[in-house]
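Here is a short report on one protein model. Please look over the sequence and the structure before reading on.

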Amino acid sequence: QSSTTELDDVLYYINENLSNNISLKVLAKIAHLSNTYFIKKFKKVFGVSPIKYLSITRLERAKMLLSTTDMRISDIMILVGITDGAYFSKFIKSATGYSPKTFREMSKQHGTFYNK
């Protein structure tokens, strides 16, 4: 549990800076650890690498915004830290089976996050 507490600042930083380019170096610095030890510790505590965690967080935030807002897809893309529209489409489609637009429509029809 103390390991989780030591990484709280990292999780907070990720959530508050999702729209920015977040590097391992910065995350390790926030945790006051070397890059290598930070990756090992993060994976031990959360079961995934920091980069995978960042990707999961971006995906969940994008799905939530697509499902619950009428924001433009291009604005959502930027809010979750993805600057390439083609990549964002592939990112959402690989996780949900749908393009961002179709995912939004399906989510609104079903009143929740719609996953394949």
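**Salt bridges**

This is a predicted model. A search of the whole structure turns up three salt bridges. In general, side chains of opposite charge can pair when their charged atoms come close. The table lists the pairs.

| Salt bridge | N to O distance |
|---|---|
| Lysine 63 and glutamate 60 | 3.4 Å |
| Aspartate 70 and lysine 108 | 2.4 Å |
| Arginine 72 and aspartate 75 | 3.5 Å |

Start with lysine 63 and glutamate 60. Both belong to helix 5, which spans residues 50–68. Three residues separate them, about one turn of the helix. How accessible is lysine 63, buried or exposed? Lysine 63 has a relative accessibility of 7%, so it counts as buried; the cut-off for buried is under 20%.

Now take aspartate 70 and lysine 108. Their side chains meet at 2.4 Å, N to O. Aspartate 70 sits in the loop between helix 5 and helix 6 (73–79), while lysine 108 is in helix 8 (residues 100–110), so the pair ties together parts that are 38 residues apart in sequence. Aspartate 70 is exposed, and its relative accessible area is 68%. Lysine 108 is partly exposed, with a value of 38%.

The remaining pair is arginine 72 with aspartate 75. Here arginine 72 is exposed at 56% relative accessibility. Aspartate 75 is partly exposed, and its relative accessible area is 31%.

**Helix 5 against helix 8**

Two of the residues above return here. Lys63 in helix 5 and Lys108 in helix 8 are both part of the contact between these helices. On the helix 5 side, Leu65, Leu66 and Ser67 join Lys63. On the helix 8 side, the residues are Pro100, Phe103, Arg104, Ser107 and Lys108. By class, the contact has four nonpolar, two polar and three charged residues.

How do the helices lie against each other? The axes of helix 5 and helix 8 are 8 Å apart, and the packing angle is about 60°. The two helices are therefore oblique to each other. Their crossing is right-handed.

**Isoleucine 73**

Isoleucine 73 is part of helix 6. At 27% relative accessibility, this residue is partly exposed. Which residues does isoleucine 73 touch, leaving out those up to four places away in sequence? The answer is Leu66, Phe88, Pro100, Lys101 and Arg104. Serine 89 is 16 residues from isoleucine 73 in sequence. In space, the C-alpha atoms of isoleucine 73 and serine 89 are 9.7 Å apart.

**Histidine 32**

Most residues other than glycine have a negative phi. Histidine 32 has a positive phi, near 60°. Where is histidine 32 placed? It lies in the loop between helix 3 (24–30) and helix 4 (35–46). Is histidine 32 buried or exposed? Histidine 32 is exposed, because its relative accessible area is 70% and the cut-off for exposed is over 50%.

Technical notes
Residues are numbered from 1 along each chain as its sequence is written. This is a predicted model: local features need pLDDT of at least 70, side-chain atom pairs count only at pLDDT 80 or more; totals for chains, interfaces and linings use all residues. Side-chain values use heavy atoms; hydrogens and water are left out. Helices (H or I, at least four residues) and strands (E, at least two) are DSSP runs, numbered from the N terminus. Buried means under 20% relative accessible area, exposed over 50%, partly exposed in between (1.4 Å probe, protein chains only). A salt bridge is a side-chain nitrogen of Lys or Arg within 4 Å of a carboxyl oxygen of Asp or Glu. Contact means heavy atoms within 4.5 Å. Axes are lines fitted to C-alpha atoms, for helices over the stretch in contact, and angles run from 0 to 180 degrees between N-to-C directions. Angles under 35 degrees count as roughly parallel, over 145 as roughly antiparallel, 65 to 115 as roughly perpendicular and the rest as oblique. A crossing is left-handed if the near helix is turned anticlockwise from the far one by less than a right angle, and right-handed if clockwise. Ala, Val, Leu, Ile, Met, Phe, Trp, Tyr, Cys and Pro count as nonpolar, Asp, Glu, Lys and Arg as charged, and the others, Gly among them, as polar.
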